[in-house]
Amino acid sequence: MKKIEFIIRPFKLDEVKEALTAAGVHGMTITEVKGFGRQRGHKEIYRGAEYQVDFVAKVKIEVVCEDAITPAVVEAARAAAITGQVGDGKIFVLPVDDAMRIRTGETGEAAI
Amino acid sequence: MDAADTGFVLMSAALVMFMTPGLALFYGGMVRAKNVLATLMQSFILLGLVSVLWAVVGYTLAFGTDVGGVIGALNHLLLAGVGGDAPEGWTLTIPPAAFMIFQCMFAVITPALITGAFAERMRFAPFLVFSGLWLVLVYCPMAHWVWGGGWMGAMGALDFAGGAVVHMCSAAAALAGCLVIGPRRGFGKEAHIPHNLPMTILGAGILWFGWFGFNAGSALAANAQAAMAFATTHFAAAAGALSWVAVEWRHRGRATTLGAVSGAVAGLVAITPAAGYVSVGASLVMGIAAGAVCYWAVLQKNRFGYDDALDVVGIHGVGGTLGALATGVFADFGEFRGLLAGNPTQLWIQLVSVVATWVFCFLMSYVLFKVIDATLGLRVSPEDETRGLDVNEHRETGYQW
């Protein structure tokens, strides 16, 4: 099993969600987050003074899926999230030792 | 006594009262979320503190029998003799109580204006001490000098609704305050960004609305001068909003909401001393000038390095000064004539009143701040400043998220 974290542009959330579902992902957790990479924030203007705002609003999606479909899930999400501009985000793939469905006690891939 | 005049002044007093919570919202939106309640409180509590002081001693110091042109006598202590019946020699057509309560609202909002300068770092207790002493030692003499039979009014200085008494006076105190208390932590290094501009915009709208009472009500009668003051007030605010936005659009490439409301307030401040004395055409010119000049003025604080957090000096100080001088240029109402109406002396008188107001209010406020800083301490600790004033000073938080 793999955990995949997607940091994406907030306006791309719907498209990425549809792409993940189509690729066989059954559930996800999302968080509104702030951060920066190469995009390095933006400028805001208050009474004529410019301020650098370093942290940009992004959405983080977390999913856990079977090893077999992981490459397809990553590629589907990338295709949905891309604009080609700096600031499109990142995808991280992490190994997962185990999982459990709380209601039934099922473990492993059966739990996801 | 005149029923229409009395009703008009009482309604105007209610409008001016509403400006103080309006100012609280205007300022409250501009600070960071952790200081929103402390900032609202510094305006709102003055409805309590200043009103009580006004009844006890403030009114009589400002409007008691003149003593040497500098202060009122104590003949109206605890509002003695300030009732429904006018005393002999009283020329107004409203009861003394109506005049007193209208003036009370001016006394409330003036020290509230100062709070923008030391926002986000002032302790509550020394703030209360300062505001009470400042009312008695600075505001009451100023109000007496201009409106209460003192030397400035006798000299012929024109201040229709408080360009000197309210705006320059509070701005001079604001400058003294931010110099004594010092800049906020991180000033110039980290961005202090407004946490809720919709709140600020609502506050500015309430200020604009209340200002009709402030300026038109200052005619103290429901007459032609009040109608003119109402109109000039509106047009100066409108022109100020447009002018500020136009200048910043050209300078920074965007029209901002904070710019629009700041320009409107700048226009309102500038027209205040002139409202009942100038034409609508002059009010448009003054509004345009105020929006552009005040935009430039607020940028200067970054150059000089003093942290006037919410730009009291840039908007109320510069706008008030501009308005007082422009009154000497554009005044043309009955016997009140300025430069363009063939009376250049008026501009000189206005200049004297401007300099005297700045010097007196700045020096008195500077000493007051210094004394309170040395005895009580004005400022929160660095750790408390980082945590925010709301939790430290009031044991509350503005938002639960």
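Tutor: A residue is buried when its relative accessible area is under 20%, exposed when that area is over 50%, and partly exposed in between, using a 1.4 Å probe and protein chains only. This is a predicted model, in which local features need pLDDT of at least 70 and side-chain atom pairs count only at pLDDT 80 or more, while totals for chains, interfaces and linings use all residues. Residues are numbered from 1 along each chain as its sequence is written, chains are lettered from A and ligands numbered from 1 in the order in which they are written, and side-chain values use heavy atoms, with hydrogens and water left out.

Student: What share of the residues of chain A counts as buried?

Tutor: The C-alpha atoms of chain A fill a box of roughly 60 × 25 × 20 Å along the principal axes. Of its 112 residues, the share that counts as buried is 32%.

Student: Why is chain A said to be more spread out than a compact globule, and what is its radius of gyration?

Tutor: The globule rule is 2.2 Å times the number of residues to the power 0.38, and the radius is taken over C-alpha atoms. For 112 residues the rule gives 13 Å, and chain A is well over that, so it is more spread out than a compact globule. Its radius of gyration is 17 Å.

Student: Which residue of chain A forms a salt bridge with Asp67(A)?

Tutor: A salt bridge is a side-chain nitrogen of Lys or Arg within 4 Å of a carboxyl oxygen of Asp or Glu. For Asp67(A), the closest N and O atoms of the pair are 3.3 Å apart. Asp67(A) lies in the loop between strand E5 (56-65) and helix H2 (70-81) and its partner in strand E1 (residues 2-8), so the pair ties together parts that are 65 residues apart in sequence. The partner, partly exposed at 26% relative accessibility, is Lys2(A).

Student: How many residues does chain B bring to its contact with chain A?

Tutor: Contact means heavy atoms within 4.5 Å. Chain A brings nine residues to it. The number from chain B is 22.

Student: Which residues of chain B lose the most area to chain A?

Tutor: Buried area is the accessible area (1.4 Å probe) that two parts lose on being put together, summed over both. The two chains bury about 1100 Å² between them, 62% of it on carbon and sulfur atoms. Three residues together make up 40% of what the side of chain B buries: Ile193(B), Arg252(B) and Leu258(B).

Student: Which residue of chain B forms a salt bridge with Glu50(A)?

Tutor: The rule finds two salt bridges across the interface of chain B and chain A. In the one with Glu50(A), the closest N and O atoms are 3.8 Å apart. The partner is Arg252(B).

Student: How far apart are the C-alpha atoms of Gly28(B) and Leu197(B)?

Tutor: Gly28(B) is in helix H1 (residues 3-28) of chain B and is buried, with a relative accessible area of 0%. Leaving aside neighbours within four places in sequence, its contacts include His195(B) and Met199(B). Gly28(B) and Leu197(B) are 169 residues apart along the chain, and their C-alpha atoms are separated by 9.0 Å.

Definitions and conventions
Helices (H or I, at least four residues) and strands (E, at least two) are DSSP runs, numbered from the N terminus.
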